[in-house]
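Here's a quick tour of a model, from its domains down to its ligand shells and helix packing.

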Amino acid sequence: MIAQVVFGILLIAAIALFARNLGRIGRNIHLGKPQAINDRKAERWSTMARVALGQSKMVVRPVAGIMHILIYAGFIIINLEVLEIIIDGLFGTHRIGAFLGGFYDFLIGSFEILAIGVLLACIVFIARRAIIQLPRFHKPEMKGWPSKDAMIILVTEIVLMCAFLTMNAADFVLQGLGAEHYTQAGSFPVSAAIASTLNLSNLQPSTLITLERTAWWFHIIGILAFLNYLVVSKHLHILLAFPNVWYSKLQPRTEFANMPRITGEVKSMIDPSVPPPDPAPARTVAGAEVPERFGAKDIFDLSWKSLMDAYSCTECGRCTSECPANLTGKLLSPRKIMMDTRDRLEEVGKAIDAKGKWEDDGQSLHSRISEEELWACTTCNACTQACPVNIDPVSIIMEMRRYKVMEESSTRPALTSMFNNVENNGAPWAFGADRRMEWTQDA
Ligand code: SF4
Ligand code: SF4
């Protein structure tokens, strides 16, 4: 009974903490500008089924893709076992699912085979990072915490799978001994082999029970801790990949969104009968007034979808490994753009939590992302094409460039003459429309 109460308290505390942190992330995402995304619903569902559920963009790189699918399937399917563990923990039962008979045996057997798959995949992923040292995992933005975060999660998954198999191995032997409370249920293709290799049947039943109970508690506490670790790590993508893909851009990747106010002003300039648009009202966000800006100075000026993108980034670096700017030695890394956006968003969120409202801290997105990075982007969209969860770093880059050009009149020298020509000649060239056909004349 004490064990059930302790388990219940742990479970409620872990779920409450998780819900609180998830609510905080939702609040942070909505610090961004409103953007209505609810068109072409059928296409959105099918994109989500293909890209998020089917992992279609992961398998473009088959080795990593298949390993990832293994871990992903393991994560989803082995969690059915967690459901049973929770019921057993709350009601003091053991293997409550045993009434399923042969189907239960099939499930437990499948979980064990998947657990071995997950274990192997995690070892390969660690080797790719630590031994083979794939270049995309060792770019400057991956130094420090991002590398540790990835390793923590891979090692945790290995430890959790070991605890699961240890629990089953001890359970298997106890069932064979006819120990009280250990219902005869399940098939154990992997843990039976482990029990035999380690000669677990030589242990006293009391030792086996201690081993099984320790692994059981370790496994479930590890899972509850993992749940709460998700919300402070890049592994949040496990949850956000699905909504992020659903809300992803369906228009052609290279299509830029116009700024409605600028469009209105241009229309008014061309046709004087069209009234100029009204200035957009300032928004109140977290108790502070945020003026309507051209482009993005800070996270408040990005759409909520760009902020969700930032939280959904897995830091896999596929975008950066395909980025022509990065490949030719420029400072730009689309992965860093997403990581910097998330770090700034977290910084703002923590300040709001601490003070109860937002107070300008003199920092912005531009404190983290340099002009050199912004102007290195060719807008080729190789990054958005490569991203396995349809993240769009280009929107953030373009919004930040817009801010630089339209609010700070800061641009690259090569672009200044083009801007002047557009303003004076209505075209990027250094001559007026009346001289456009001169090239057809004889010299
Ligand atoms: S759009 Fe920009 S950031 Fe993305 S791959 Fe092309 S150059 Fe790199
Ligand atoms: S933006 Fe996409 S491709 Fe780039 S690191 Fe993040 S998840 Fe990977």
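This is a predicted model: local features need pLDDT of at least 70, side-chain atom pairs count only at pLDDT 80 or more; totals for chains, interfaces and linings use all residues.

Residues are numbered from 1 along each chain as its sequence is written, while chains are lettered from A and ligands numbered from 1 in the order in which they are written.

**How the domains meet**

- Across the boundary, 12 residues of domain 1 are in contact with 16 residues of domain 2, where contact means that the C-beta atoms, placed from the backbone, lie within 7 Å.
- On the side of domain 1 that touches domain 2, α1 gives the largest share, with four residues.
- By class, that side of domain 1 has five nonpolar, two polar and five charged residues. Here Ala, Val, Leu, Ile, Met, Phe, Trp, Tyr, Cys and Pro count as nonpolar, Asp, Glu, Lys and Arg as charged, and the others, Gly among them, as polar.

**Around ligand 1**

- Ligand 1 has 14 residues around it, and the closest are Cys323, Cys377, Cys380, Ala382 and Cys383. To be near, a residue needs its C-beta atom, placed from the backbone, within 6 Å of the molecule.
- At least two residues of this shell come from each of α12 (324-327), α15 (382-386) and α16 (393-408). Helices are DSSP runs (H or I, at least four residues), numbered from the N terminus.
- The shell around ligand 1 sorts into 11 nonpolar, three polar and no charged residues.

**Around ligand 2**

- Here the shell has 15 residues, with Cys313, Cys316, Cys319, Arg335 and Cys387 coming nearest to ligand 2.
- In the shell around ligand 2 you'll find 10 nonpolar, two polar and three charged residues.

**Helix packing**

- Helix α1 (residues 2-29) packs on helix α3 (residues 62-91) at about 130°, with the axes 7 Å apart. Axes are lines fitted to C-alpha atoms, for helices over the stretch in contact, and angles run from 0 to 180 degrees between N-to-C directions.
- That makes α1 and α3 oblique to each other: angles under 35 degrees count as roughly parallel, over 145 as roughly antiparallel, 65 to 115 as roughly perpendicular and the rest as oblique.
- The residues that meet are Gln4, Phe7, Gly8 and Leu11 in α1 and Ile86, Gly89 and Leu90 in α3; by class, this contact has four nonpolar, three polar and no charged residues.
- Helix α8 (residues 237-246) and helix α10 (residues 304-312) cross at roughly 145°, and their axes come within 9 Å.
- His237, Leu240, Ala241 and Asn244 of α8 make the contact with Met308, Asp309, Tyr311 and Ser312 of α10, a set of four nonpolar, three polar and one charged.
- α13 and α16 pack at about 75° with axes 9 Å apart, and are therefore roughly perpendicular to each other.
- Pro334, Ile337, Met338 and Thr341 of α13 touch Pro393, Ile396 and Ile397 of α16; that contact divides into six nonpolar, one polar and no charged residues.

Notes:
Two residues are in contact if their C-beta atoms, placed from the backbone, lie within 7 Å.
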